[in-house]
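Here is a short report on one structure. Take a look at the model before reading on.

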Amino acid sequence: MSLQNDPLRADILQDGAERRLQLSAETAEALTGFEGETRAEDGRHVLTGPLSTVNALALQERFPSLRPQPIGGHRVSVGTGDRTGLATPGQARAFADHPGVMPVLAQQSIREMDRLGRSARSVMDDAVFGLVDAGWDRGFGADCDHIKSTEGIDRGLEAGFTTFTLDPGDFVADVTAGVDRAAAEALPWDDLEDTLEDVLARYVGRSIDVGVETIEVSEQDVLTAVVKYGRAVAESMRLYRHLVENAKHEVEAEFAVDETAWLTTFFEHYYMASELTRLGATWFSFAPRYVDGFEKGLDFLGDREELRTNLEAHHAIAEQFGGYKISLHSGSDKFSIYDLCVEATGGHVHLKTSGTSYLCGVEIIARHDQELFTRIWDISRAAYAKARASYQVSAHEDRTPETLEGVDLVELIHSDDARQILHVGYGDSLNATDAGGESIHDRFLAVVGAHQDEHTELVAAHIGKHLGPFEAAATR
């Protein structure tokens with residue numbers, strides 16, 4: 001497909017694994033700002049150039065549809081990460097078939113960028129060229145995900161990201177052993193612009209309706225919430241203020257405490273939302289730590305009715321603070337609960353997927369280069385014990401084959417244990433080399449790139465399975 005914006009037409013040329021940008025225009029002036037080789041052809045001026053940042057920026061200048069925008073005003077939205085830079089055409093095709101869902105097509109965490117040696121700008125560039133390949137002609141979002149530092153914010157701002165997921169999870173405290181007043185008094189009250197006496201006065205004795213129940217707030221509830229999340233609130237505001245003070249374009253924030261070991265109670269969510277509001281923050285989405293059952297790469301493993309109650313209450317709290325979305329991270333392949341999530345939140349929901357598109361690429365490797373797949377499998381399997389520390393997973397490598405002789409590789413990829421091992425082993429495998437010293441990452445890109453049409457179809461079908469329930473919510 002191509003992208004047309006009079007007087008300029010943009011295409012991605014594919015020659016095996018090699019991809020190039022081709023532009024065609026009526027005048028030479030229309031190609032100003034692009035880099036590459038130019039020639040005359042059939043009365044038009046044609047430029048063929050690299051998929052470079054210079055060309056990505058020039059494309060964004062000429063085509064409004066290639067400029068990311070905030071997504072908060074859209075009722076239903078879904079983010080799809082792209083670890084390899086080759087999945088965007090398939091993701092865009094899936095969204096084109098489900099136009100009621102706002103797409104976030106440049107989504108990657110700082111953690112993933114660092115593991116893969118990618119810059120925020122390279123993530124954006126890959127999305128831009130993927131959208132050209134898909135002939136994309138409407139808006140999209142760009143999420144610099146799970147940011148834990150002001151340096152991460154600066155990287156995202158420089159690259160033009162519009163959505164920033166601020167993650168203060170490292171500041172969430174373990175309160176499972178109980179808390180006392182002394183622990184609360186030790187909080188950074190100056191940073192919170194508050195005192196313990198004032199926060200107790202604001203909440204103790206209040207009745208808070210969260211839809212599924214009414215919370216009668218006790219002093220112990222408040223002490224527990226402030227000890228568990230007080231430092232996280234202070235860190236959230238530090239990151240948020242840096243974002244809004246340094247942004248030179250329109251941006252929005254999501255707050256995420258989902259990647260912690262401890263469930264976010266309903267009062268704790270209410271406390272965080274109330275305190276962030278008091279301190280001047282606005283946000284479009286919030287990701288609490290839900291009930292157990294959200295694991296990478298698998299369908300939901302927990303109690304569906306418990307999840308429904310959980311989501312209904314979190315949504316009811318969000319409605320009391322402006323109606324922000326409830327964000328579902330680790331949302332890949334949770335097919336059995338998408339309808340439930342939409343119903344429980346009234347459609348005010350944001351879904352994030354990431355590794356599921358990477359696994360589509362792994363499947364292409366399994367189909368076309370079994371030796372490379374074996375190398376990726378061996379590395380991922382060996383690295384799983386370490387890699388699992390960063391994720392919610394439950395796979396056991398001893399339940400998977402150590403050698404792959406006679407194994408149906410595609411069937412293996414779709415088995416639960418192998419799927420999680422491959423999902424979280426991407427960093428170790430893509431950063432490794434093969435026996436000849438060649439980069440696994442380069443070989444991965446070459447094989448998938450050489451079968452890009454097949455890869456695009458696979459990604460489009462898989463992501464499309466995620467989008468149907470969310471589009472239905474958008475049209476109600």
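## A pair of strands

Strand β3 (residues 18-25) and strand β5 (residues 44-49) pair in the antiparallel sense, over 5 bridges. Within this pairing, L21 stands opposite G49 in β5. The model is predicted.

## The sheet around them

Strands of a sheet pair through backbone hydrogen bonds, either parallel or antiparallel. Here the sheet is open and has 5 strands. Their order is β1-β2-β3-β5-β4, and the pairing is antiparallel. Which strands stand at the edges? They are β1 (2-5) and β4 (37-41). Each has a single partner strand, so one side of each is left without a neighbour in the sheet. Neighbouring strands are turned by 25 degrees against each other on average, direction ignored.

Helix α1 (residues 53-62) packs on this sheet. The helix touches β1, β2 (8-15), β3 and β5. Its direction makes about 40 degrees with that of β3.

## Two crossing helices

Now turn to another part of the chain. Helix α13 covers residues 370-387, and helix α15 covers residues 416-424. Their axes come within 8 Å and cross at roughly 85 degrees. Angles of 65 to 115 degrees count as roughly perpendicular. The helices α13 and α15 are therefore roughly perpendicular to each other.

Which residues make the contact? From α13 come F373, I376, W377, S380, R381, Y384 and A387. From α15 come A418, Q420, I421, L422 and V424. The residues of this contact divide into 9 nonpolar, 2 polar and 1 charged.

How values were computed. Residues are numbered from 1 along each chain as its sequence is written. This is a predicted model: local features need pLDDT of at least 70, side-chain atom pairs count only at pLDDT 80 or more; totals for chains, interfaces and linings use all residues. Side-chain values use heavy atoms; hydrogens and water are left out. Axes are lines fitted to C-alpha atoms, for helices over the stretch in contact, and angles run from 0 to 180 degrees between N-to-C directions. Helices (H or I, at least four residues) and strands (E, at least two) are DSSP runs, numbered from the N terminus. Angles under 35 degrees count as roughly parallel, over 145 as roughly antiparallel, 65 to 115 as roughly perpendicular and the rest as oblique. Contact means heavy atoms within 4.5 Å. Ala, Val, Leu, Ile, Met, Phe, Trp, Tyr, Cys and Pro count as nonpolar, Asp, Glu, Lys and Arg as charged, and the others, Gly among them, as polar. Two strands pair if DSSP finds at least two bridges between them.
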